[in-house]
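Some terms used for a protein model deserve a check against their cut-offs. The questions below ask what each term rests on.

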Amino acid sequence: MNILPIEWKGDHVVILDQQQLPHSTSYEKLKTIEQVWDSITYLKVRGAPAIGIVAAFGLVLWAQSKQSNTLELFLDEFHKQGDFLASSRPTAVNLFWALDRMVRKVDTALTVEEAKELALQEALAIQAEDEETCRKIGEYGYDLFDDGDTLLTICNAGGIATARYGTALAPFYIANERGTTLHAYACETRPVLQGARLTAWELQQIGVDVTLITDNMAAHVLKTKDIAAVIVGADRIAANGDAANKIGTYGLALLAKAHDVPFYVAAPFSTIDLETTSGEDIPIEERPAEEVTHLSGNAVAPIGTKVFNPAFDVTPYELITGIITERGVISGNYVEQLKTFANKTTPVTIK
Ligand code: MRU
């Protein structure tokens with residue numbers, strides 16, 4: 001797929017506006033850090049790795065616009081701008097991981113000019129590494145399935161949610177390249193419809209056979225459609241293996257267990273947060289009521305209806321068959337295995 005979700009253009013970032021999909025493939029220029037903040041908060045750029053990448057470029061935009069006379073002032077303000085971007089969304093840890101990486105790199109600069117250059121190089125590296133990482137996730141994931149298998153997914157954990165390839169959708173890209181076939185069932189993913197608007201669109205773009213279902217059809221599909229596995233992305237994986245992902249994922253994991261279907265979480269190490277002990281400590285974003293009461297701007301509930309709108313839920317580690325990462329598939333004792341894999345320093349080679 002030649003559609004790039006985020007592209008650095010020297011003095012601005014071009015993003016694919018995911019809010020416009022599937023009706024139009026439109027791109028937007030972001031020239032300020034405030035525009036980057038908006039693009040994350042209002043879901044023009046969404047998906048854990050993509051949020052981290054665009055935030056890194058947000059700091060580059062700020063750095064380039066700044067005429068600081070002292071390095072100390074520049075770095076102090078750079079940290080504050082990082083905190084500002086960190087306030088855009090709370091759950092996906094890739095955002096904080098990328099911002100932290102940017103700040104640590106820029107802190108090593110000896111001059112303001114060097115700080116600006118380091119910021120740019122680090123943001124480009126975060127993006128390039130994510131592409132390589134997602135490809136490896138795709139290769140490890142692909143090996144778990146057989147030619148002709150059908151996988152069920154939710155939300156969009158595809159190429160447009162990352163630098164390229166995606167996480168849960170990466171095995172579909174690899175299958176395509178190798179001339180084999182994986183079929184997909186995509187849950188529509190109410191309330192924001194990432195499954196219907198984004199996953200169905202993305203898989204169609206690359207010629208994958210995708211069948212869309214509403215979320216409440218999942219049990220029936222798992223019972224009747226010979227689903228080989230459920231595969232989902234993640235926004236944050238705690239040290240014990242509990243995984244936060246799009247609302248509805250936990251329900252799918254329970255259904256998969258009930259039907260004896262393997263349940264895989266595909267995610268890069270930038271999504272694994274060993275500082276967070278368990279899923280109970282993961283902050284769950286609550287989004288505006290209108291996402292539930294309205295569909296495409298039209299009210300589907302009485303005015304004033306009380307709404308609860310958590311954007312994510314947490315799947316307990318016991319329900320997860322394996323976590324597919326760029327360093328291999330992790331299963332068993334997640335507390336031990338996540339630590340072991342975290343220390344594996346498999347270098348990510350950029351071609
Ligand atoms: O609210 P969103 O659309 O940003 O939620 C995205 C998800 O839950 C994805 O599954 C997750 O970020 C992984 S993207 C590779």
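Q: What share of the residues in the protein chain is buried, and what makes a residue buried?
A: In this predicted model, 56% of the 351 residues are buried. A residue is called buried because its relative accessible area is under 20%.

Q: Why is a set of residues called a nonpolar core, and how many residues has the largest one?
A: The name applies because the members are buried residues of the nonpolar types listed for a core, joined through side-chain atoms within 4.5 Å. The largest such set has 43 residues, and Ile6, Phe74, Phe78 and Met102 have the most contacts inside it. At least two residues each come from strands S1 (6-8) and S2 (13-16) and from helices H1 (33-41), H2 (48-65), H3 (71-86), H4 (93-106) and H5 (112-142). H2 gives the largest share, 13 residues.

Q: Which residues is Ile6 in contact with, leaving aside its neighbours within four places in sequence?
A: The cut-off for contact is heavy atoms within 4.5 Å. Among the partners of Ile6 are Val13, Val14, Ile15, Val45, Ala50, Ile53, Val54, Phe57 and Gln127.

Q: Which residues of H1 are buried, and what do they pack against?
A: Ile33, Val36, Trp37, Ser39, Ile40 and Thr41 are the buried residues of H1. They pack against S2, strand S3 (27-30), H2, H3 and H4. Just after H1, Leu43 has a positive phi of about 65°.

Q: Why is H3 called roughly parallel to H5?
A: The axes of H3 and H5 cross at roughly 30° and come within 9 Å. Angles under 35 degrees count as roughly parallel, so H3 is roughly parallel to H5. Leu71, Phe74 and Phe78 of H3 make the contact with Val112, Ala115, Lys116 and Ala119 of H5.

Q: How many residues of each class are in the contact of H3 with H5?
A: There are 6 nonpolar residues, no polar ones and 1 charged residue.

Notes. Residues numbered from 1 in each chain as written. Predicted model: local features only at pLDDT ≥ 70, side-chain atom pairs only at ≥ 80, totals over all residues. Heavy atoms only, no water. Buried < 20%, exposed > 50% of the residue type's maximum accessible area, 1.4 Å probe, protein only. Helix = DSSP H or I, 4+ residues; strand = E, 2+ residues; numbered from the N terminus. Axes fitted to C-alpha atoms, helices over the stretch in contact; angles between N-to-C directions. Parallel < 35°, antiparallel > 145°, perpendicular 65-115°, else oblique. Nonpolar A, V, L, I, M, F, W, Y, C, P; charged D, E, K, R; others polar.
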